[in-house]
Amino acid sequence: MPLDPGFWALQALNALQLSMLLFLLSIGLTVIFGLMHFVNLAHGSLYALGAYVAAALATVGGYWTGFFLAPVAVAGMGILLYSGLIRRMRKSGPMAQVLVTFGLIFALLDLTRIIWGDIALAIEVPSLLAGRVSLFGIDYPVYRLFIIALGFAIFAALALVLKRTQIGAMIRAGVDNDAMAACLGINVERLFFIVFCVGCALAGLAGAVAAPLLSVTPDMGLQILIPTLIVIVIGGLGSLQGAIAGSLIFGFVQTFGAVLAPQLASVLIYALLAAVLVIRPMGLFPAKG
Amino acid sequence: MKTTILAALGFATALSMPASAEEIKVGLLLPYSGVYAALSNDIEAGFELALEEYGAETEATFALLREDTEVKPPVALAKAKKLILQDKVDVMAGIVSSGVLGAVRDLVHGAGVPLIVANAGNDEATGAQCSPFITRMSFSNGQVNRPMGPWMVEQGITKVFTLAPDYAAGRQMIDSFTETFTAAGGEIVGQEFTPFQKTQDFGPFLAKAKASGAQAVYVFYAGGEAISFVKQYDSFGLKADLPLYGSGFLTSSLYVNAEGPAAEGVITALHYVPTIDNPENAAFVTAFEAKTGRIPSEYAVQGFDAARALIEATKTGATDRESLANALRQVHFEGPRGTLSIDPATNNIVQPIYVYETIAGEGGLTQKVLAELPATADPLNGCTMAPVSN
């Protein structure tokens, strides 16, 4: 086992990078759930859609076109889903919602297959972010640092909006007690619509960011869904702190598990999930006490 | 009522009559949906192409019945049953995943229906689980990797770190490489198996490989994982100091262009690349491109040769299940991959293995063949079966 500090710094950055990717996905999902108790299992498919849109746009207008337009396109898809399906499903209980959004996973999966084919796509890292930089005596890919920075920037922006603005206060009130918030004159339904769109856009952004790092395949949404659900269960539903804490825990356990105990790597995170569910069933930082 | 009886009579006579012009019913078992759909499309296109090009050489005609296995063993088993019992096919071909092959193996063996395997590479299928009715025209996991051990030692590489997904194929590919590599004097300085289809980030493993003191890294990855792996390997800048070698599926022509410049300089071994220099391959590549607009992959040639094997078998006069199975075990011909034959001791294909480097070409990435390693028959691996009857 190599023990030089550079090795561990490299692994810590790897862990951070994975955490930030998961954070972008889980924050949308967790706030949607926290605010409206709506389980959107198709969230992973929106991430895959974001990656495909980014890959398609990148071949036409370069990486940054995809980076900026993929979230918009996925938010558009979110509006379609909201007005077509989700608004009608609001009162139908969690089981029906889970089934409908689970079905959506397969519908969207086949849709991406029909449009973009079965062969995996990929996009190149933009030249601005290509290459590596020396940091703490190690060489690290710039693009991965960009993902880490982007994750923290989004976290800071969301924290600011949720803590310091009026709409943030309304969202927090809605998560805490939606009936009371509605009585106080907050249009909770419209709030939900906005949060849903922002959540979808963030999923699309995560897809666009992940595309140059991973391969773009139809089942990438399914592969990311379980880690995302683990993150929000560990972190606690509905809270920003929960999403970031869950993401960091997942990223570090996954990465250092793979380094220190490769045979246990895939079990560790599930063991942790089970432990959290036993000790703190509401997660580490639930929105409601 | 009367028409029903007439129809039944007609049906009965149709059954009892010898099929005119020897129409052979071929069941194609491929995962048209699911993660291997792209592979299925190439295998099917290759299969059809061979029937179009070589079908006239035999008096038999072929009727194709397609069934989707969905890469699910229980579904595949039900579809195979349907083909055997209801459609009464004379021969079956296809099978992409080894799990599906394992699921249908006993049915095929028990029913005595010849099956031409067009992809699935698990060593047991032509080892301990071998059957006189299962003939493999694709490859075995060991076969593709075994020649790379001595070859890399010859190139002066004696310390290697290996990586592969943690499932049967990953382990067989790496184990067979490890065996010949260490036998030739090489040393494995580190070995990791990554959670199969659960690993998005290979960073942790790449850092370990870098710190291991190896001269090179040898890996097996395929499909989406291969693309992610090759790109991440390059993004960490490992390629310069730690050259990347592996099983040729890593840089398959099917998806190498998605890997982009990251794949340049990667050296791998495979039973087929589109740039093999022989007249059969030149003709095959031209015909396949004309038919599909794509460069043929190893999957396409596997489908192509599976149909060629069937045609060769029918040229001996074989028409029913038993005679076809027997004839398939003795097939040999010149194909795009070079000289192919079936080893009747295991029913696995004997074929040369090509070491190739992925390089930048005119219209994207292409393959430069570095060496053609001689064809050797797989070891028996516990296979015992009746010799071919003449």
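Colleague: What makes β7-β6-β8-β9-β10-β14-β15 of chain B an open sheet, and which strands are its edges?

Modeller: In this predicted model, seven strands of chain B follow one another in that order, with mixed pairing. Strands here are DSSP runs (E, at least two residues), numbered from the N terminus, and two of them pair if DSSP finds at least two bridges between them. The edge strands are β7 (187-194) and β15 (364-373) of chain B, each pairing on one side only. Direction ignored, neighbouring strands are turned by 25° against each other on average.

Colleague: Where does helix α8 of chain B lie?

Modeller: Helix α8 (residues 203-211; helices are H or I runs of at least four residues) of chain B lies across β6, β7 and β8 of chain B. The helix runs at about 175° to β7(B), on a scale from 0 to 180 degrees between N-to-C directions, with axes fitted to C-alpha atoms, for helices over the stretch in contact (C-beta atoms, placed from the backbone, within 7 Å).

Colleague: What is the mean pLDDT of chain B?

Modeller: On the predictor's confidence scale from 0 to 100, the mean is 91, and 94% of residues reach 70 or more. Local features need pLDDT of at least 70, side-chain atom pairs count only at 80 or more, and totals for chains, interfaces and linings use all residues. Residues are numbered from 1 along each chain as its sequence is written, while chains are lettered from A and ligands numbered from 1 in the order written.

Methods. Two residues are in contact if their C-beta atoms, placed from the backbone, lie within 7 Å.
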